[in-house]
Amino acid sequence: MTSVISTVKAEYVKELSLTGKRVDQRTLMQMRNVRLETGVLKNAEGSCLAHFGDTKVLVGVKLDLVTPFSDRPDEGTLSFNSEFSTLAHPEFESGPPNEMSIELARVVDRGIRSAEAVNLKELGTVRTADGVKCLGLYIDIYPLDHNGNLTDAAALAAMAALATTTVPSLEGNKLVRDGSGTPLKLQRLATTCSFEFVGDKVLLDATDEEEAASLGRLTIGVTDDDKLCSGQKSGRNGIKPEKLAELAGIALEKGRELLKLIPSR
Amino acid sequence: MREIKMEAGTLKKARGSAMVEWGRNKVVAGVYGPREVFPKFLSNPYRAIINAKYAMAPFCSLEEHGRAGPNRRSIEISKVIKHVFENNVVVEEFPKTKIDITMEIIQSDGGTRVSAIAAASLALIDAGIPVRDIVTPISVGKIAGQLVVDLDKDEDNYGESDMPMAFSHRTGELLLWQMDGMLTHAELKQALSMGLEATRKVRAIQEAALKTAFENAAEACEEEGDSQ
């Protein structure tokens, strides 16, 4: 699937990394400029467009009344999905979600769910004619411009979108989206930090060219109270446990900076 | 740790196979290949591609009937298991081919991906496919504030954290690492060293299973020789 040009660029990225340099002049552990725009959509209950350099990921949050899971009858639900639109990258193809897209949504899901960012018990249940319903939060991830590190952009955008979500008020058995809602309460903030393994070097916040040159990725979820909340090694690289522990320390530090960008209400 | 039983060479038709019983988990793994890739454009001119399929049988859990076919969870697990064996198999030896690894969970009780990786590694070696090492997996988690190895289903569901991992002891590297739930940085370090320590026992069981399989094969060869 990779084109000749991307293969040549990947070789260049690898060569540069030997001397500890990157194509865009960053240091190995330097992030690109990160910017969050929240509330970009008026119809969604929450939204955020995250910019990581040229990477743009949009996240929309909608709430609906849904049937609770049978093993958690008193809790609301969280569902994450990601849609790799063909406009975001020349190698994205239309069709059902592929394994990359599924992995992205599940890694973002794990971080926010494990951190218990949303208190699902507090979302509450309602008795309706169709039985007991609860509030279901749908978090949809839309990469618009894939220039690398979709995972961290999606995780931070999802957290910022949730942090600015309004829960519609309930009238009888219906959600009323007339601006009378209340802010969604969060117990904690969480995001991820991803590292790419290029040659014997490790790069933070990689571009798509750097990802093409990479053997594998390590994503570590972190919270605003300095806990690790998720992890995923993806790719054919191996990692020494000591290296993983070292990168977890860097993730905690970088994650703290990223989470400061989320607007407080 | 739970009781672990392993057997290599369980199936006749597959080129390599293994069965692992890990507590109440039961997994059968089978390997075919290296063989031709269809469609051809999916093949890699420099190395074999690994096709890993992790699947849970509809009857495998203590709860309700499951749905057959892949779901989002099994697609993600299959992907990370594929990456484990892309590192482990000497894929450069077999350009333009694919190696299929199928792992069927026929009974589940927490830690199924760990049991599946243990079985898949044995099946690959049983198939005679060159690998760099035995891959040895374990899960470490946190229950009621305590770090423990080898979580079962209830411990996973009611515990605070779960971290499946797989090691190559030759290099000391992690080939699989996933985590959910909250841990401190110090707990992560401790969990990783507890995991490495626990896999020594798992690896001994894997080695014993392979030894038995190869001894049986050698005996079968001798008997064949005597009868001629």
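**Why these labels? A predicted model**

Visitor: What makes Asp150(B) buried?

Guide: Its relative accessible area is 5%. Buried means under 20%, exposed over 50% and partly exposed in between, with a 1.4 Å probe and protein chains only. Asp150(B) falls under the cut-off, so it counts as buried.

Visitor: What should I know about the model itself?

Guide: This is a predicted model, where local features need pLDDT of at least 70, side-chain atom pairs count only at pLDDT 80 or more, and totals for chains, interfaces and linings use all residues. Residues are numbered from 1 along each chain as its sequence is written, chains are lettered from A and ligands numbered from 1 in the order in which they are written, and side-chain values use heavy atoms, leaving out hydrogens and water.

Visitor: What phi does Asp150(B) have, and where is the residue?

Guide: Phi is positive, about 60°, although Asp150(B) is not a glycine. Asp150(B) lies in the loop between strand 7 (146-149) and helix 3 (153-158) of chain B. Helices (H or I, at least four residues) and strands (E, at least two) are DSSP runs, numbered from the N terminus.

Visitor: Why is strand 2 of chain B called largely enclosed?

Guide: Six of its seven residues (16-22) are buried, so the rest of the structure largely encloses it.

Visitor: What makes strand 1 and strand 2 of chain B a pair?

Guide: Pairing takes at least two DSSP bridges between two strands. Strand 1 (residues 4-8) and strand 2 have five, so they pair, in the antiparallel sense. Ala8(B) has Ala18(B) as its bridge partner in strand 2. Strand 2 and strand 3 of chain B also run antiparallel, joined by seven bridges. There, Met19(B) stands opposite Val28(B).
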